[in-house]
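Here's a quick look at how a few pieces of this fold sit against each other. Have the viewer open while you read.

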Amino acid sequence: MIIVMQTTATQEQVKKVEEKLVALGFKTHPIYGEVKTVIGAIGDKRLLDTQMITSMPGVENIVPIMKPYKLVSRELKQSKTIIQIDDIAIGGQEIVIMAGPCAVENEEVFFETARKVKAAGAKILRGGAFKPRTSPYSFQGLEEEGLKMLDIARKETGLKIVTEVVDTRDVEVVSRYSDILQIGARNMQNFRLLKEVGASGKPVLLKRGLSATIEEWLMAAEYIMSSGNPNIILCERGIRTFETATRNTIDISAIPVVKELSHLPIIADPSHATGTWKYVDALSKAAVAAGADGLIIEVHNDPSRALCDGPQSLRPEKFAQLMEELKPVALAVHRTI
Ligand code: PEP
Ligand code: MN
């Protein structure tokens, strides 16, 4: 539930209410708005004597949160969350573009691709070092050697790094070499992993599960946030439907729906959504028009030689052209790229 404090409530009064809630066994999450402070209280509401709380100085009223997810909900926090990574703000006015190959394969291809996506205007470099492949016989990633290449590329280009972590045991090492921890679609409901990245405090890119409903996806985000990490970026990457013409079906409507239900930023991944580079252009534009706060796009210097997801990877020149064409689309929805 939400304890709404009066506009005139003092910090001391907010603290007192929090202390009382904690004593009753609740976890508290104060949110300091421009006008008033609200306190999210998570716990067994049967233990709460509402009368006692509402009679405390500075308390305006108590509002229940009806949704099963609490901390990530708009009910709790009405203002949009902006994830700040140094000078990059995800969820703000600017649409943030993340780009790079599916996997880090070798230095030559990786650094060349990194330089080119940077020149085209990407702010964040992607590249998997731990790859969750459908087949155990497919390339599984360079692991720590790949992470080191990500780190070198970060220092050389100034780009921030997003990379996937697939195992609780690797959260520490992946955090050391990256700026955003990616939780892939296949791990969206790996609850131990969600808690672990929650405890790390690093920004998390949480991809939507292959067949996850929006509610299940937001519940997964709730796991991360209730473990103490508010820095979550959601990513629509296409879901399983009966359609086989594309690898997945992008759920464009998830973008406005999530924005209504949650205060978290949401980006789109047109590469995994389609599986085909030819469609990436159209879906990138559609996602931006629908209100996405960013895009994550697979770009490879030589897609025909890629060890992973070549068919859906854009060549750097095509990516640069797309970046230009996205600008008027962003402008039309009062955003910038
Ligand atoms: C990826 O980003 O390379 C990836 C494996 O994505 P997803 O988890 O969405 O399939
Ligand atoms: Mn991929």
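## Helix 7 against helix 8

Helix 7 passes helix 8 in a right-handed crossing. On the helix 7 side, Ile214, Trp217 and Leu218 make the contact, and they meet Ala254, Val257, Val258 and Leu261 of helix 8. By class that's 7 nonpolar residues, with no polar and no charged ones. Keep in mind that this is a predicted model.

As for geometry, the axes of helix 7 (residues 214-226) and helix 8 come within 11 Å and cross at roughly 50°. Helix 7 and helix 8 are therefore oblique to each other.

## Helix 3 against helix 11

Helix 3 (residues 107-120) and helix 11 (residues 316-332) pack with their axes 9 Å apart, at an angle of about 15°. An angle under 35 degrees counts as roughly parallel, so that's the label for helix 3 and helix 11. Their crossing is right-handed.

Who's touching whom here? Lys116, Val117 and Ala120 come from helix 3, while helix 11 brings Pro316, Phe319, Ala320 and Met323.

Follow helix 8 (254-261) out toward strand 13 (266-268) and you'll find His263 in the loop between them. Is His263 buried or exposed? With a relative accessible area of 3%, His263 is buried.

A polar atom of the His263 side chain lies 2.8 Å from the backbone oxygen of Leu71. Leaving out residues up to four places away in sequence, His263 touches Leu71, Val72, Ser73, Arg74, Lys77, Ser79, Lys80, Thr81 and Met225.

Methods:
Residues numbered from 1 in each chain as written. Chains lettered and ligands numbered in written order. Predicted model: local features only at pLDDT ≥ 70, side-chain atom pairs only at ≥ 80, totals over all residues. Heavy atoms only, no water. Helix = DSSP H or I, 4+ residues; strand = E, 2+ residues; numbered from the N terminus. Buried < 20%, exposed > 50% of the residue type's maximum accessible area, 1.4 Å probe, protein only. Polar contact = N/O pair within 3.5 Å; in protein donor to acceptor, adjacent residues only side chain to side chain. Contact = heavy atoms within 4.5 Å. Axes fitted to C-alpha atoms, helices over the stretch in contact; angles between N-to-C directions. Parallel < 35°, antiparallel > 145°, perpendicular 65-115°, else oblique. Left-handed = near helix turned anticlockwise from the far one by under 90°. Nonpolar A, V, L, I, M, F, W, Y, C, P; charged D, E, K, R; others polar.
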